[in-house]
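Please keep the sequence and the coordinates at hand while reading.

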Amino acid sequence: MQLNIVVLPGDGVGPEVTEQAVDVLREVANIHGHTFHFTEHDAGGVAIRRWGSPLPRATLDACVSADAVLLGAIGAPDFDQLAPAQRPEAGLLSLRRALGGFANLRPINSFPSLAAASPLRAEIIDGADILFVRELLGGLYFGEPRGLISQNGTSSAFNTMRYTVSEIERVARVAFTTAMKRKQKVTSVDKANVLETSQLWRQTVSRLAEEFPQIELDHLYVDAAAMHIITNPRRFDVILTENLFGDILSDEASVISGSLGMLASGTVGGAVDLYEPVHGSAPDIAGRGIANPLGAIASAAMLLRHTAKLDDEATEIEEAIRAVLDNGYRTRDIAQGGHPIGTAEMGALVTEAVVEIANIRHAYHAV
Ligand code: IPM
Ligand code: MG
């Protein structure tokens with residue numbers, strides 16, 4: 001299998017964690033005889049500094065002709081004062097729109113060996129396994145009109161939350177089809193007691209559900225969903241929701257896995273799939289070699305599963321992550337006061353574990 005992967009390390013801890021993810025992918029290619037080509041480009045704050053734009057033409061061109069894009073993190077505090085359209089994040093949003101992926105998949109599960117790293121009690125999170133399907137190209141992030149106006153000495157600002165039926169249907173379809181391969185339960189999250197967009201969301205999702213009679217569908221208001229996610233995470237299988245609600249709830253749900261640094265995501269449905277850890281650029285710890293690379297590495301595993309259909313290879317990476325955690329290795333965010341290891345060390349341990357797991361599988365198949 002040949003794959004052209006564009007890597008956008010981005011800002012903050014992005015370069016450190018993507019480097020580890022690429023190393024793991026190189027090892028997987030080596031073991032299984034695949035050819036993965038990696039090309040690096042600038043995006044975000046680093047691109048503003050070098051090229052004057054958060055998404056330079058060369059970056060965009062490379063991404064649209066890639067098989068998949070692996071991104072680190074976007075965002076830097078030096079640009080905090082700028083208008084949204086000038087910020088590093090604008091580059092990420094333009095990229096998401098250009099690649100066309102509208103369904104952002106964010107799997108969140110509890111890791112038994114990390115139970116102590118979670119602020120939630122072990123008996124609450126034990127066995128939790130949630131897949132967020134977050135709408136990624138609509139809602140307040142992209143709605144027009146938007147703006148900031150100053151008039152007669154006062155300022156006001158406004159954004160628009162807008163969804164069409166077809167935008168809701170296409171992401172709901174991803175949630176239903178993905179749930180068919182899981183526990184066949186979909187919880188749609190909205191604010192239909194207040195928002196028209198949410199009423200349309202709820203009606204559309206309910207109508208589409210008729211095509212999937214095996215799926216158990218329920219609806220929750222977003223405030224109640226926020227509470228249930230941390231009080232009873234096992235009640236969920238697939239959570240389907242709009243862009244901003246998904247952004248907020250997935251960060252909240254990350255406490256189930258012990259740290260935001262653990263979470264991976266993949267955006268599918270467009271011309272080119274985009275993979276990125278859920279965590280941000282973490283400027284406070286950037287450049288110190290202490291960031292958790294497991295979210296980025298798990299994103300690489302998602303890339304292999306969803307884009308390349310290399311299910312065994314993806315599973316090997318996920319098993320390697322578990323094995324390293326089971327052996328007690330922790331980066332600072334999950335160390336619980338123990339002796340943390342660095343980003344590169346964690347990456348190298350996962351690579352080693354991938355080799356071991358692949359060898360065991362190979363021996364097993366040879367018997
Ligand atoms: C995420 C991030 C982004 C988002 C930011 C960096 C624009 O928080 O991927 O969750 O809000 O989508
Ligand atoms: Mg977010």
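In which strand does Ser188 lie? Ser188 lies in strand E8, which covers residues 185–190.

## Basis of the model

The model is predicted, so local features are reported only at a pLDDT of at least 70 and side-chain atom pairs only at pLDDT 80 or more, whereas totals for chains, interfaces and linings use all residues. Residues are numbered from 1 along each chain as its sequence is written, chains are lettered from A and ligands numbered from 1 in the order in which they are written, and side-chain values use heavy atoms, with hydrogens and water left out.

## The sheet

The strands (DSSP runs of E with at least two residues, numbered from the N terminus) include 10 that form an open sheet in the order E2-E1-E3-E12-E11-E4-E5-E10-E8-E9, with mixed pairing. Strands E2 (35–40) and E9 (216–221) are its edges, each pairing on one side only; pairing here requires that DSSP finds at least two bridges between two strands. From one strand to the next the twist averages 25°, where axes are lines fitted to C-alpha atoms, for helices over the stretch in contact, and angles run from 0 to 180 degrees between N-to-C directions.

Strand E3 (residues 68–73) runs parallel to strand E12 (residues 273–275) and is joined to it by 3 bridges, with Leu274 of E12 as the bridge partner of Val69. Strand E4 (residues 103–109) is antiparallel to E5 and connected to it through 7 bridges, and Ile108 is found opposite Ile130 of E5. E5 also pairs with strand E10 (residues 238–241), in the parallel sense and over 4 bridges; there Thr241 of E10 is the bridge partner of Arg134. Because 6 of the 7 residues of strand E5 (residues 129–135) are buried, this strand is largely enclosed by the rest of the structure; buried means under 20% relative accessible area, exposed means over 50%, and partly exposed is in between (1.4 Å probe, protein chains only).

## The surroundings of ligand 1

Ligand 1 is surrounded by Glu89, Leu92, Arg96, Arg106, Arg134, Tyr141 and Asp247, a residue being near if one of its heavy atoms lies within 4 Å. Helix H4 (residues 88–99) supplies the largest share of this shell, 3 residues; helices are DSSP runs of H or I with at least four residues. By class, the shell holds 2 nonpolar, no polar and 5 charged residues.

Oxygen atoms of ligand 1 are approached by polar side-chain atoms of Tyr141 at 2.5 Å, of Arg96 at 2.7 Å and of Asp247 at 2.9 Å. Taken alone, ligand 1 exposes 320 Å², of which the protein buries 79%; these areas come from the Shrake-Rupley method with a 1.4 Å probe.

## Individual residues

Ser188 counts as buried, at 0% relative accessibility, and its side chain is joined to that of Trp201 by a polar contact of 2.9 Å, that is, a pair of N or O atoms within 3.5 Å of which, within protein, one must be able to donate a hydrogen and the other to accept it, while residues adjacent in sequence count only if both atoms are side-chain atoms.

Arg170, in helix H6 (residues 165–180), is partly exposed at 32% relative accessibility; Arg170 and Val205 are 35 residues apart in sequence and 9.9 Å apart in space, C-alpha to C-alpha. Thr39 belongs to strand E2 and is also partly exposed, with a relative accessible area of 39%, and between Thr39 and Thr177 there are 138 residues in sequence and 32 Å in space, C-alpha to C-alpha.

Notes:
Nonpolar A, V, L, I, M, F, W, Y, C, P; charged D, E, K, R; others polar.
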